[in-house]
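Biologist: Please pick a single part of this model and go through it closely. I would like to see how that part sits among the others.

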Amino acid sequence: MMTSVDTDLMRVLADPLRLQIVTLLAGETLCSTHLVEETGAKQTNLSNHLRVLREAGVVETEPCGRYTYYKLRPDVIALLAGQFADLAESARNAAENKRACP
């Protein structure tokens with residue numbers, strides 16, 4: 001069965017800083033202050049990337065006093081991984097299929 005990979009989600013994760021944020025959040029829930037320290041990004045730049053990740057449904061927020069914590073939504077990452085696994089399976093099954101040239 002042929003499947004397509006969510007290109008919008010791939011575009012979101014294609015940015016190196018956003019991918020770094022996702023990788024950090026895969027290990028623990030962090031606030032923006034932690035993410036600034038870990039990435040070295042400016043607060044405004046980081047906030048813009050976090051907004052994109054939130055809007056794409058990759059991360060969710062958790063208010064805690066005057067801080068906002070961010071955590072990764074593993075179901076979204078698992079969905080993307082499943083789409084790639086399906087694509088790889090399609091490629092394995094199609095290895096012997098060759099379209100004849102006219």
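Modeller: What follows is a close look at one helix and then at its surroundings. This is a predicted model, in which local features need pLDDT of at least 70 and side-chain atom pairs count only at pLDDT 80 or more, while totals for chains, interfaces and linings use all residues. Residues are numbered from 1 along each chain as its sequence is written, and side-chain values use heavy atoms, with hydrogens and water left out.

The chain has 5 helices and 3 strands (DSSP runs numbered from the N terminus: H or I of at least four residues for helices, E of at least two for strands). From the N terminus, their order is α-α-β-α-α-β-β-α.

The part to look at is helix α5, residues 74-93.

Which residues of α5 are buried? They are Val76, Leu80, Gln83 and Ser90 (buried means under 20% relative accessible area, exposed over 50% and partly exposed in between, with a 1.4 Å probe and protein chains only). These residues lie on the same side of α5, because they cover an arc of only 80° around the axis (the arc of the directions from the helix axis to the C-beta atoms). An α-helix has 3.6 residues a turn, so residues three or four places apart point the same way.

The buried residues of α5 pack against α1, residues 7-14 (contact means heavy atoms within 4.5 Å). On the face turned away from the buried side are the exposed residues Pro74, Arg92 and Asn93. Alanine 85 also belongs to α5; with a relative accessible area of 42%, alanine 85 is partly exposed. Its C-alpha atom is separated by 23 Å from that of isoleucine 21, 64 residues away along the chain.

Isoleucine 21 brings us to the largest nonpolar core, which has 19 residues (a set of buried Ala, Val, Leu, Ile, Met, Phe, Trp, Tyr and Cys residues joined through side-chain atoms within 4.5 Å). Ile21 is one of those with the most contacts inside this core, as are Leu13 and Leu25. Helix α5 supplies at least two residues of this core, and so does each of α1, α2, α4 and β3. The most come from α2, which gives 4 residues.

Technical notes:
Expected span 1.5 Å × (residues − 1).
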